[in-house]
Amino acid sequence: MINILLLDREFLFQKAFAKMTEGMEGYRLAGVAENREEALRMMRQFQPQMIFMDTLFEDGKGISFCQVLKNQFPSVQIYLLSGHPDSISMQQAVSVGVQEVILKPLSRKKLVSVLETCKCTETEQEQVNAGR
């Protein structure tokens with residue numbers, strides 16, 4: 001089971017994301033955090049493999065919080081969600097360990113594509129661990 005954590009303060013997006021992930025076999029929306037403290041607590045509690053985070057999380061400091069998360073949880077895959085394509089440079093995002101910047105509104109088709117990529121990575125890692 002792949003645990004997902006959503007870091008976003010927009011209630012309507014939270015509901016839409018929960019609805020999109022509902023019933024997806026092999027995935028679980030483990031939690032939704034609206035601030036840094038909740039996010040860190042949920043990271044320790046649920047140990048998600050994936051994070052979807054709005055670039056405006058933490059009052060526009062989403063990129064710097066990505067660095068904090070990657071330092072503490074290096075294996076987590078982070079996907080930034082942005083409603084403003086010009087608000088973040090891909091180079092800046094990649095430099096802090098972001099897998100991809102995804103434009104809002106997020107479609108179910110795009111979400112499934114991203115989740116399948118994570119599932120493949122997870123399967124590869126399990127095979128490496130089994131071979132040790």
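The model is a predicted one, in which local features need pLDDT of at least 70 and side-chain atom pairs count only at pLDDT 80 or more, while totals for chains, interfaces and linings use all residues. Residues are numbered from 1 along each chain as its sequence is written, and side-chain values use heavy atoms, with hydrogens and water left out.

Cys66 sits in helix α4, where helices (H or I, at least four residues) and strands (E, at least two) are DSSP runs numbered from the N terminus. Apart from neighbours within four places in sequence, Cys66 is in contact with Met53, Ile78, Leu80, Val96 and Val98, contact meaning heavy atoms within 4.5 Å. Between Cys66 and Val96 there are 6.3 Å from C-alpha to C-alpha, although the two are 30 residues apart in sequence.

## Helix α4 against helix α2

Two packed helices are described by the angle between their axes and the distance between the axes. Helix α2 (residues 36-46) packs with helix α4 (residues 62-72) at an angle of about 20°, and their axes are 12 Å apart. That angle makes α2 roughly parallel to α4, since angles under 35 degrees count as roughly parallel, over 145 as roughly antiparallel, 65 to 115 as roughly perpendicular and the rest as oblique.

In this pairing, Arg36, Ala39, Leu40 and Met43 of α2 meet Phe65, Val68, Leu69 and Gln72 of α4. The residues of this contact of α2 with α4 divide into 6 nonpolar, 1 polar and 1 charged; Ala, Val, Leu, Ile, Met, Phe, Trp, Tyr, Cys and Pro count as nonpolar, Asp, Glu, Lys and Arg as charged, and the others, Gly among them, as polar.

## Two loop residues

Gln47 lies in the loop between α2 and β3 (50-54), and its phi is near 45°, a positive value in a residue other than glycine. With a relative accessible area of 59%, Gln47 is exposed.

Pro105 belongs to the loop between β5 (98-103) and α6 (108-130), and a cis peptide bond with omega of about 0° joins Lys104 and Pro105.

## The whole protein

The protein has 6 helices and 5 strands, which follow the pattern β-α-β-α-β-α-α-β-α-β-α along the sequence. Of its 132 residues, 42% count as buried.

Definitions and conventions: Axes are lines fitted to C-alpha atoms, for helices over the stretch in contact, and angles run from 0 to 180 degrees between N-to-C directions. Buried means under 20% relative accessible area, exposed over 50%, partly exposed in between (1.4 Å probe, protein chains only).
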